[in-house]
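Keep the structure open beside the text.

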Amino acid sequence: MHPRRSASSGCHATLLAIALVLSTLTAPLSAADFGPRPGATLSPEKLARIDDFLNEQTATGKIPGVIVLIQRHGKPIYLKCFGKRDVEAGIDMAPDAIFPIHSVTKTITSFAAMMLVDRGRIALDDPVSKYIPSFATMKVGVERKDETGRPVLDLVPPRRPVTIEDLLLHTSGITYGFYGDGLVKMAYGGIYLGDFDNAEFAERIARVPLAEQPRTLWDYGHSIDILGRVIEVVSGQSLYQFEKTQLLDPLGMTTTRFFLTDPAERARYAQPLRSDRHVERNSLDVTRWESGGGGMVSTIADFARYGQMLLNGGSLDGKTYLSPATFAAMTTDHIGPGSGVARNYFYYPGDGFGFGYGFGVRTDPGNAVPPPPGSPGEIKWDGATGVYIVVDRAQDMFFVVMENAPAGRMHVQVNVKKLIYDAFEK
């Protein structure tokens, strides 16, 4: 079952039912099985090991600079800057630095879409073609070899329409063309050429084949960019204007946006190392494309507000952004055992994680021994340049890593998380 558009109260009830059923099917293991014990103390002395690690990473030129915030019980317990905001100019990292957040943008777009679900404006089982008519004629690309052994692509109808929920879960069949191989991936060539807005980009996606049948594989791609266009159609506003008025401004996220046009803000942009200046998107280059899948910039101060709102379950300072039922559904794994959704080499949530509506959701210890650090039920996501947010409601804690370091980001993320969880007293 999925929430219907007809009645907001019915939507809430159905979302709560989904969350309760799925939480029963994929019940998180107790803290005794993995993760810190409930209420464990965080040792300031052990957290100081983060300093040594990040000082080494910046001093040896592996990354230019980084900011780390750890907030627990509503208060920051660790906030430090390391390295340079701009190595070539010799400018130190500072708390007001502005970072490209790339795919962490997806969490904001997904949250904004769930606000519309909460209000009964969108239903999870609505076909995307209800809002973008060209999606009604999309086909699935099936690759095979012809009699000469040459690969050819057959186009077959989808077994069912792509839905809003498919976009949120990355089970739409919409992929990215810049990783992996095959004829569908090749069909994405040229998709970024020229200047375009969300409406035109959605039409470009509608003209390429789906990589697989909907709801059969977790496939990371432009699903959330299409979700951003749906938000525009439903709200009658640009994606940024809807997010600004309904979420960002009320939260106090005053620097989170798609492009930096003010010279003072552009000067605060955290520059990558010269060797890392190959990421396809730069928020200093102002275009018309407000990419809901990867286009935003933000600051540590803005993410302190965003992280606390997520930690609170969708509310902050007396204002509720998502109902408890909708937030529970958003942070529940929907692609676990029995869902019919497969995982391949490119399953980015990683070991021990399922996926909710926009976030990786920790469901189990995973296969590694010892298990990767973290807690049952934690949610997280990261982006191509190293911005990383983890929200651990079991420990009433979240942390944010902000860096612009594509090549060095994973080593930093993995080690900072390990150092944080190693700092919990046993």
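Accessible areas here come from the Shrake-Rupley method with a 1.4 Å probe, and for residues only the protein chains shown count as cover. On that basis the protein chain exposes about 17,000 Å² of accessible surface, and 55% of this belongs to carbon and sulfur atoms. The model is predicted: local features need pLDDT of at least 70, side-chain atom pairs count only at pLDDT 80 or more, and totals for chains, interfaces and linings use all residues. Residues are numbered from 1 along each chain as its sequence is written, and side-chain values use heavy atoms, with hydrogens and water left out.

Start with the whole chain. Its secondary structure comes to 13 helices and 14 strands. Both are DSSP runs numbered from the N terminus: helices are H or I with at least four residues, strands are E with at least two. The radius of gyration is 21 Å, close to the 22 Å from the globule rule for 426 residues, so the chain is as compact as a globular protein of that length. That radius is taken over C-alpha atoms, and the rule is 2.2 Å times the number of residues to the power 0.38. The C-alpha trace spans about 60 × 50 × 45 Å along its principal axes. Buried residues make up 56% of the 426. Buried means under 20% relative accessible area, exposed means over 50%, and partly exposed lies in between (1.4 Å probe, protein chains only). Contact means heavy atoms within 4.5 Å. Among contacts between residues at least 6 apart in sequence, 69% join residues at least 24 apart.

Now the sheet. Eight strands form an open, antiparallel sheet in the order β3-β2-β1-β14-β13-β12-β11-β10. Strands β3 (91-92) and β10 (353-355) stand at the edges with a single partner strand each, so one side of each has no neighbour in the sheet. Two strands count as paired if DSSP finds at least two bridges between them. Strands of a sheet pair through backbone hydrogen bonds, either parallel or antiparallel. Seven bridges join β1 (residues 65-72) to β14 (residues 397-403), with Val68 opposite Val401.

Move along to β12 (residues 379-382). Two bridges join β11 (residues 360-362) to β12, and Gly360 stands opposite Lys380. β12 and β13 pair over four bridges, with Trp381 facing Ile389 across the pair. These two strands form a hairpin with five residues between them, where Gly386 has a positive phi near 115 degrees. Which way do the residues of β12 point? Ile379 and Trp381 point one way, Lys380 and Asp382 the other, and all are buried. In a regular strand the side chains alternate between the two faces of the sheet.

Helix α11 (residues 300-311) lies across β1, β2, β13 (388-392) and β14, at about 150 degrees to β14. Axes are lines fitted to C-alpha atoms, for helices over the stretch in contact, and angles run from 0 to 180 degrees between N-to-C directions.

Next, the cores. A nonpolar core is a set of buried Ala, Val, Leu, Ile, Met, Phe, Trp, Tyr and Cys residues joined through side-chain atoms within 4.5 Å. The largest has 89 residues, and Phe111 and Tyr306 have the most contacts inside it. Helix α4 (residues 105-118) gives the largest share, eight residues. Beyond its neighbours within four places in sequence, Tyr306 is in contact with Thr107, Ile108, Leu251, Met253, Phe359 and Ile389. A second, separate core of 25 residues includes Val68, Tyr78, Val390 and Val401.

Glu143 stands opposite Leu153. Five residues separate the strands, and Gly149 in the turn has a positive phi of about 85 degrees.

Finally, the backbone angles in loops. His102 has a positive phi of about 45 degrees although it is not a glycine. This residue lies between β4 and α4 and counts as buried at 6% relative accessibility. His170 also has a positive phi, near 60 degrees. His170 sits in the loop between α5 (164-169) and α6 (183-187), buried at 2%. A cis peptide bond joins Val369 and Pro370, with omega about 0 degrees. Pro370 lies in the loop between β11 and β12.
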